[in-house]
Amino acid sequence: MTSAEKQKIACFLDIAGDYLGSGYKSACNEYQFDDDTENSPQITQSNADSIEIIAQEIKACGNCSLCQTRINAVPGEGVMQPVVMVIGEGPGEDEDKQGRPFVGKAGQLLDKMLSAIGLSRSENAFIANVVKCRPPKNRDPYPEETAACSQFLKRQISILKPQFILAAGRVSAQTLLKTTEPIGRLRGRFTELIVEDNIYPLLATYHPAALLRSEEYKRPAWEDLKLLRSKIGI
Ligand code: URA
């Protein structure tokens, strides 16, 4: 605890004492406190958030009803400080079975798309989802489910500090950008996502599952990837 934090608590206790004693508030006393953090760095470390801590919390999470039907929660995977953080919608059947993001058919296509522009989850990307547990029958996550999960995603973004965010699909783009605009209007241009006072350039594109369903999305998705490649410069 810092000296300023200790002073705040002492001041609060002074005020509480004043009110209890005589029903009025006098000025706070100035105390001489030292910063704990200077003398005990292990306290600082144990307070630090990490991708591993978040993953453990996600695996134990019971904050919404998706925990009742999941086999595995899927925190996400990839490298720290990634060039690109891909954020999908939520785990599907394969991801639920394996506890890993984008490992089914759509995931294999995503890996190919990333590789085409020099990205991979083992080298320079991190892959996560808006919700960490599979919605039954792959339905869209309900607002209360994305809300329950949003603190995990925000913490992941804050720790990873990706250079760019690629929102894969309508649900991801609309959830992150807090809009109901169709994905066809959200994709194809960079916008900004602000998390904890940091600004992340965000590009939305079609979900790889949409590309598997319909040829028409392949060309615009490739245009999006080329736009991303032109920005990341690798
Ligand atoms: N679709 C998603 O949005 N995320 C996954 O992890 C898998 C499929």
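By class, which residues make up the lining of the largest cavity? Hold that thought for a second, and bear in mind that what we have here is a predicted model.

So, the answer: ten nonpolar, one polar and three charged residues. Searching the whole structure for cavities of 30 Å³ or more turns up one, and about 110 Å³ of space lies in it. If you want to find the spot on screen, go to Cys61, Cys64, Arg70, Cys133 and Cys149, which are the residues nearest the centre, out of 14 in the lining. Helix α7, residues 143-160, gives the largest share of that lining, with four residues. Keep α7 in mind, please.

The largest pocket has a volume of about 590 Å³. It has 27 lining residues, and Glu89, Asn138, His207, Ala209 and Arg213 are the closest to its centre. The elements giving two or more residues to this lining are α5 (93-98), α6 (105-116), α8 (170-177) and α10 (208-213). By class, we get ten nonpolar, eight polar and nine charged residues in the lining.

And where does the ligand sit? In that largest pocket. Around the ligand you'll see Gly88, Glu89, Gly90, Glu95, Pro101, Phe102, Asn129 and His207. Sorted by class, that shell has two nonpolar, four polar and two charged residues.

Glu89 puts a backbone N or O atom 2.7 Å from an oxygen atom of the ligand. With Gly90, a polar backbone atom is 3.0 Å from a nitrogen atom of the ligand. His207 uses its side chain: an N or O atom there is 2.8 Å from a ligand oxygen. As for cover, the ligand on its own has 230 Å² of accessible area, and the protein covers 91% of that.

Last stop, the second largest pocket, with about 470 Å³ of space. It's lined by 22 residues, and the ones nearest the centre are Val130, Thr146, Gln174, Thr175 and Leu176. Elements with two or more residues in the lining are α7, α8 and β5 (190-195). Here's α7 again: it supplies seven residues, the largest share of this lining. The class count for the second largest pocket is twelve nonpolar, six polar and four charged residues.

So, to tie it up: α7 gives the largest share of the lining in the cavity and in the second largest pocket, while the ligand sits in the largest pocket. That's me done, thanks.

Conventions. Residues numbered from 1 in each chain as written. Predicted model: local features only at pLDDT ≥ 70, side-chain atom pairs only at ≥ 80, totals over all residues. Heavy atoms only, no water. 1 Å grid on protein atoms, 1.4 Å probe; cavity = no way out; pocket = protein on both sides within 12 Å on 5 of 7 lines; lining within 4 Å. Points joined across faces, edges and corners; volume = space filled by probe spheres on them. Nonpolar A, V, L, I, M, F, W, Y, C, P; charged D, E, K, R; others polar. Near = heavy atom within 4 Å. Polar contact = N/O pair within 3.5 Å; in protein donor to acceptor, adjacent residues only side chain to side chain. Areas by Shrake-Rupley, 256 points an atom, 1.4 Å probe, with all protein chains shown as cover. Sits in = over half its atoms within 2 Å of the grid points.
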